[in-house]
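Visitor: Could you walk me through this one? I'd like to ask as we go.

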Amino acid sequence: MPSSDARPIPAASPVIGEEEIEAAVRVMRTGRVVQGPEVAAFEAGFSELVEGAHCVAVNSGTSALHLLLLALGIGPGDEVIVPSFSFAASANAVRLVGADVVFADIEPGSFCLDPAAAEAAITPRTAAIMPVHLYGHPAAMDRLTPLAAKHGLALVEDACQAHAAALNGTPVGAFGSGGTFSFYPTKNMHALEGGMVTTGDAEVARTLRLLRNQGMEQRYANEIVGANMRMTDVSAAVGRVQLAKLGGWTERRRANAAYLDTHITAPNVVTPPVAEGVRHVYHQYTVRIRGDRDAAMARLSEAGIGNAVYYPTPIHRLKPYWEPDQKAGRVWDLPETERAAAEVVSLPVHPALTAEDLERVVTAVNILGEKL
Ligand SMILES: *Cc1c(COP(=O)(O)O)cnc(C)c1O
């Protein structure tokens with residue numbers, strides 16, 4: 001029986017261990033700290049996760065999305081179809097390039113973009129579809145890829161939560177026109193801060209390399225207008241250490257999730273669905289609470305079980321999206337998004353959990369079943 005004075009189990013547990021610290025210090029001692037050999041080696045290593053696609057490292061996952069949209073030529077006058085049930089960065093990148101966000105609903109069985117809803121949202125102005133592999137569960141790329149091809153649309157994978165996830169054996173980031181990953185500390189692997197764009201298209205990759213560095217390949221021979229979104233070699237060195245551990249950590253996440261799946265028996269707690277052919281990497285282990293979610297979360301917190309809602313407010317209800325839509329009289333019909341936002345809670349699933357931690361999570365969750 002968990003008690004309130006038991007050691008709290010955090011919802012996430014980013015690793016900054018001796019190896020990461022040593023790697024960072026080693027790079028700083030070389031004096032070569034900005035986009036040098038460590039970044040090149042990190043890109044080459046990451047490429048193995050995405051079937052050898054071109055990899056371009058940048059300073060965040062948001063920058064990765066922003067630059068990928070720019071490199072694909074998406075801008076003012078274009079529409080991009082985005083799920084509203086995601087982190088705001090997905091939609092923000094679209095608005096940052098001056099394009100318009102068109103929200104589409106999710107599939108209840110995966111929390112990811114519904115291909116039928118995406119198809120219904122296509123207009124003559126649609127330039128791209130942006131599925132988000134939310135919580136580490138791949139979106140329905142088997143249906144979205146032919147849909148994008150049929151309509152001549154770019155397909156931008158927001159894989160910021162889904163390092164090493166796969167669908168029918170193909171890794172995320174290798175399906176679309178390009179994919180993006182985040183290396184923020186709480187993600188499945190990190191680089192302090194950082195991001196990666198993956199693409200099978202050599203021209204897009206070259207444009208990305210220009211865009212992240214002021215439009216330069218040769219110093220002071222600027223070819224296009226670009227930004228400074230470079231990754232530091234310190235981040236890349238940390239990222240390389242983490243990349244080497246990602247496989248083991250992912251197996252731990254999957255094993256932890258499998259334990260929770262079989263041991264959570266509360267009738268009003270719905271464990272995460274996994275679609276056919278999916279390799280889920282459990283960035284989050286997200287259940288639905290049928291009942292009083294606030295009370296459930298309070299009880300979990302009392303028992304020292306970390307818990308959080310990703311995301312309590314769908315993007316279309318956030319001020320920068322809601323206010324212009326209200327002015328324009330635009331109303332989105334997103335019932336599955338609204339339902340998910342009202343029901344979900346994420347439980348600890350990270351690789352640092354012990355067997356005892358997992359038992360405590362299960363006990364606390366199953367007690368909820370009796371009380372809600
Ligand atoms: C974390 C995240 C991002 C942004 O990544 P940053 O590295 O924090 O900029 C984008 N999309 C999703 C779905 C994310 O979870």
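Visitor: How do the axes of helix H4 and helix H10 cross?

Guide: The axes of H4 (residues 89-96) and H10 (residues 319-328) come within 11 Å and cross at roughly 60°. That makes H4 oblique to H10. Axes are lines fitted to C-alpha atoms, for helices over the stretch in contact, with angles from 0 to 180 degrees between N-to-C directions. Angles under 35 degrees count as roughly parallel, over 145 as roughly antiparallel, 65 to 115 as roughly perpendicular, and the rest as oblique. Helices (H or I, at least four residues) and strands (E, at least two) are DSSP runs, numbered from the N terminus.

Visitor: Which residues in H4 and H10 meet?

Guide: Ala91, Asn92 and Arg95 in H4 meet Pro320, Tyr321 and Pro324 in H10, where contact means heavy atoms within 4.5 Å.

Visitor: Before we go on, where does the model come from?

Guide: This is a predicted model: local features need pLDDT of at least 70, side-chain atom pairs count only at pLDDT 80 or more, and totals for chains, interfaces and linings use all residues. Residues are numbered from 1 along each chain as its sequence is written, and side-chain values use heavy atoms, leaving out hydrogens and water.

Visitor: Domains, then. Where are the bounds?

Guide: Domain 1 covers 18-242 and domain 2 covers 245-371, with bounds from an automatic or database domain assignment. Their centres, taken over C-alpha atoms, are 24 Å apart. Domain 1 gives 41 residues to the contact and domain 2 gives 36.

Visitor: How much area do domain 1 and domain 2 bury?

Guide: About 3,300 Å² between them, 60% of it on carbon and sulfur atoms. Buried area is the accessible area (1.4 Å probe) that two parts lose on being put together, summed over both. In domain 1, Phe103, Tyr135 and Asn188 lose the most area to domain 2, together 22% of what that side buries.

Visitor: How many salt bridges between domain 1 and domain 2?

Guide: The count is 2, a salt bridge being a side-chain nitrogen of Lys or Arg within 4 Å of a carboxyl oxygen of Asp or Glu.

Visitor: And what does Lys245 pair with?

Guide: Lys245 forms a salt bridge with Glu20, closest N and O atoms 3.1 Å apart, and another with Glu19 at 3.5 Å. The Glu19 pair links helix H8 (residues 233-263), which holds Lys245, to helix H1 (residues 18-30), 226 residues apart.

Visitor: Switching to the backbone: which residues does a cis peptide bond join?

Guide: Tyr310 and Tyr311, with omega about 10°. Tyr311 lies in the loop between helix H9 (293-302) and H10.
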